[in-house]
Amino acid sequence: MIPASFNSMFNSWLHVIALVAYLGAILGLGIMLLPSLASVEKHEDKVQFLARGLKFYNPLQVGALGLVLFSGAFELTHLKAIYREMFLKQLGYNLAIKLTFAFLLVFFSVYQAMGIGHRFVKRRELGESITPTDLDSVVRRLSGANWLILFLAVITIWLGLRLQA
């Protein structure tokens, strides 16, 4: 039988590692992939470059976020068992605020990955023509969503650290 302390420690490490992967994906998109489009000269090469980058980024971002959510939920279940009837009194208000920001983070992350990125990749794979105006629109929406996601992630992490204290 695996001790409960091992499960809790494993879950905590999984949460941290998934969080680092998620933040790395967000920063990588905003600092490396999107700005490097400017160095590509031909429009068709830009479209292919962005589609290949998003093909890697989208599953990484959504998968890492899923691991963060599930490992956080498991940790929350563990905390609920420890605090019992004092759970809501001790953590309720701060937890509600954190979960609100976490919901917004998930909403905008999935919008960016699936609503913008995945649709762009599928359009490219189906051979649809993507005009420079379309590409600029996609890049603008990806960039805007990316900085909003980073802002929400920082707030959610900060609230999570306050919850632990």
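Partly exposed, as used here, covers a relative accessible area between the buried range (under 20%) and the exposed range (over 50%). Phe108 sits in that middle band, since its relative accessible area is 25%. Keep in mind that this is a predicted model. Below is a quick tour of its aromatic rings, its nonpolar residues and its salt bridges.

**Aromatic rings**

- Two aromatic pairs turn up when the whole structure is searched.
- One of them is Phe103 with Phe107, a stacked pair with 6.5 Å from centre to centre and 25° between the planes.
- Both of these residues belong to helix α3, which runs over residues 87–125, and they sit four residues apart, or about one turn of the helix.
- Phe103 is exposed, at 57% relative accessible area, while Phe107 comes out as partly exposed at 49%.
- Phe107 also pairs with Phe108: the ring centres are 5.3 Å apart and the planes stand at 85°, so this one is edge-to-face.
- Put together, the ring pairs make a cluster of Phe103, Phe107 and Phe108.

**Inside the protein**

- The largest nonpolar core is made of 26 residues, and the ones with the most contacts inside it are Tyr22, Leu50, Leu54, Phe120 and Leu142.
- Helices α1 (4–36), α2 (43–83), α3 and α4 each put in at least two residues of this core.
- As general background, nonpolar side chains tend to be buried together in soluble globular proteins.
- Leaving out residues up to four places away in sequence, Tyr22 touches Gln61, Ala64, Leu65, Leu105, Ser109 and Ile149.
- Is Thr156, at 9% relative accessible area, buried or exposed? Thr156 is buried, because that value falls under the 20% cut-off.
- Thr156 is found in helix α4, residues 132–164.
- Setting aside neighbours within four places in sequence, the contacts of Thr156 are Lys98, Phe101, Ala102 and Leu105.

**A nonpolar patch on the surface**

- Phe6, Met9, Phe10, Trp13, Val16, Ile17 and Val20 make up a nonpolar surface patch, and together they have about 750 Å² of accessible area.
- Phe10, one of the patch residues, has its place in helix α1.

**Salt bridges**

- The structure has five salt bridges.
- In one, the side chains of Glu44 and Arg124 meet at 3.0 Å, N to O.
- Glu44 is in helix α2 and Arg124 in helix α3, so this pair ties together parts that are 80 residues apart in sequence.
- Both ends are partly exposed: Glu44 at 43% relative accessibility and Arg124 at 26%.
- Arg123 has a salt bridge with Glu128, where the closest N and O atoms are 3.3 Å apart.
- Arg123 also meets Asp134 in a salt bridge, at 3.2 Å, N to O.
- On accessibility, Arg123 is partly exposed at 24%, Glu128 is partly exposed at 41%, and Asp134 is partly exposed at 27%.

Note on methods:
Residues are numbered from 1 along each chain as its sequence is written. This is a predicted model: local features need pLDDT of at least 70, side-chain atom pairs count only at pLDDT 80 or more; totals for chains, interfaces and linings use all residues. Side-chain values use heavy atoms; hydrogens and water are left out. Rings of Phe, Tyr and Trp (its six-membered ring) pair if their centres lie within 6.5 Å; planes under 30 degrees apart count as stacked, over 60 as edge-to-face and the rest as tilted. Buried means under 20% relative accessible area, exposed over 50%, partly exposed in between (1.4 Å probe, protein chains only). Contact means heavy atoms within 4.5 Å. A nonpolar core is a set of buried Ala, Val, Leu, Ile, Met, Phe, Trp, Tyr and Cys residues joined through side-chain atoms within 4.5 Å. Patches are made of residues with over 30% relative accessible area and no salt bridge: like charges are joined within 9 Å, nonpolar side chains (Val, Leu, Ile, Met, Phe, Trp, Tyr) within 5 Å. Accessible areas come from the Shrake-Rupley method with a 1.4 Å probe; for residues, only the protein chains shown count as cover. A salt bridge is a side-chain nitrogen of Lys or Arg within 4 Å of a carboxyl oxygen of Asp or Glu.
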